[in-house]
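Have the viewer open while you read, and jump to whichever point you like.

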Amino acid sequence: MKLVPYSTPSTSRKTKVSFQELYETGRKQDNSNGSIRVHGVGHGAWVYYKLKPRIEAAGHRLTALNLAAAGVNEKKLEEVRSLSEYTTPLLDFLASVPEDEKVILIGHSGGGMSAAVGMEKYPEKIAVAVFLNAIMPDSKNSPSYVLEQYSGKTPLDAWLDTQFSAYGDPPITALTVGPKFISNSLYHLSPVEDHALGELLVRPGSLFIEDLLQADKFTDENFGSVPRVYIVALEDRTIPAEFQRWMIENNPVKEVKEIKGADHMPMFSQPDELCKCLVEVAEKYA
């Protein structure tokens, strides 16, 4: 496989490898530049505003996706009942990737679950999946297992001013992060301007735990066949490094990288170091 630089057109049938990140968003995206990014709960493609120009300056292509009812996606959360529905923009993108291309799929935070859904459905279109301080499921247990472990290890007071609610029948748990949680847990090492951006743009979101409790397991044949890299954010207060390492032990990966000085939002707090890690992954696995 060869990674095709963003600025270099190709007329031959070479495998193109691009970046795809999951954080949590949702508007229709043009895939002509061959790269994707998907965000985490309550956020959107906007979280990659620092990383996108750095990746492209390094000669690679990057597209940030908005998942359903997130970022600038026009759907309301009440219209989304499952992780699969939430991940539809990513699945549509992967379906459109030509047979002679592959992508590097990067899932951040809760977006790791959407990455897993993409890996399960389109493993042949993904060169490597990168879990960026993300929730990483396994193929041994229920899809809800890792989230249940995370919930059990996270005290209620750690959520600070996060608001929890329910919608629909049967009810789905939703959450909306507040300014204190943004400043003290999510973005505590990020520039103050990013705190303000988050407070202006976050939306209600869900981890769809009720759906995952009844979902089929991910399979070794599909999800398990995609090479995985995990990037640990060492100063993360939302998904602590200890829990990130537990997920790696629970479901070993090909390679582990660490970013010092990174809070829950490495794309804000350590964009240069994150770019370096991702370019290294592209050069090694593409």
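The points below start with the whole chain and then go through particular spots.

1. First, a reminder that this is a predicted model. The protein chain comes to 11 helices and 9 strands. Of its 286 residues, 57% count as buried.

2. On the overall contact pattern: take contacts in the protein chain between residues at least 6 apart in sequence, and 72% of them join residues at least 24 apart. As for surface, the chain exposes about 12200 Å², and carbon and sulfur atoms supply 50% of that.

3. Have a look at the helix pair α3 (residues 88-96) and α4 (residues 111-121). Their axes come within 10 Å and cross at roughly 35°, and the crossing is right-handed. Which residues meet there? From α3 you have Leu90, Leu91 and Leu94, and from α4 Ser114, Val117, Gly118 and Lys121. By type, the residues of this contact split into 4 nonpolar, 2 polar and 1 charged.

4. There's a cis peptide bond to check: the one joining Asp169 and Pro170, with omega at about 0°. If you want to find the spot quickly, Pro170 sits in the loop between β6 (163-167) and β7 (172-176).

5. Ala69 has phi near 65° and is placed in the loop between β3 (62-65) and α2 (83-86). Is Ala69 buried or exposed? Its relative accessibility is 3%, so Ala69 counts as buried.

6. The other is Asn133, where phi is positive at about 30°. Asn133 belongs to the loop between β5 (126-132) and α5 (145-153). With a relative accessibility of 0%, under the 20% cut-off, Asn133 is classed as buried too.

7. While you're in the loop between β3 and α2, stop at Ala68, which is found there. Ala68 counts as buried because its relative accessibility is 5%. Where does the chain come back towards it? Ala68 and Val80 are 12 residues apart in sequence, yet their C-alpha atoms are 7.3 Å apart in space.

8. Next, His264, which you'll find in the loop between β9 (255-259) and α10 (266-269). At 1% relative accessibility, His264 falls under the 20% limit and therefore counts as buried. What does its side chain touch? The side chain of Ser109, in a polar contact of 2.9 Å.

9. Last one: Arg237, in the loop between β8 (228-233) and α9 (241-250). Leaving aside neighbours within four places in sequence, Arg237 is in contact with Asn184, Ser185 and His188.

Methods: Residues are numbered from 1 along each chain as its sequence is written. This is a predicted model: local features need pLDDT of at least 70, side-chain atom pairs count only at pLDDT 80 or more; totals for chains, interfaces and linings use all residues. Side-chain values use heavy atoms; hydrogens and water are left out. Axes are lines fitted to C-alpha atoms, for helices over the stretch in contact, and angles run from 0 to 180 degrees between N-to-C directions. Helices (H or I, at least four residues) and strands (E, at least two) are DSSP runs, numbered from the N terminus. A crossing is left-handed if the near helix is turned anticlockwise from the far one by less than a right angle, and right-handed if clockwise. Contact means heavy atoms within 4.5 Å. Ala, Val, Leu, Ile, Met, Phe, Trp, Tyr, Cys and Pro count as nonpolar, Asp, Glu, Lys and Arg as charged, and the others, Gly among them, as polar. Buried means under 20% relative accessible area, exposed over 50%, partly exposed in between (1.4 Å probe, protein chains only). Accessible areas come from the Shrake-Rupley method with a 1.4 Å probe; for residues, only the protein chains shown count as cover. A polar contact is a pair of N or O atoms within 3.5 Å; within protein, one must be able to donate a hydrogen and the other to accept it, and residues adjacent in sequence count only if both atoms are side-chain atoms.
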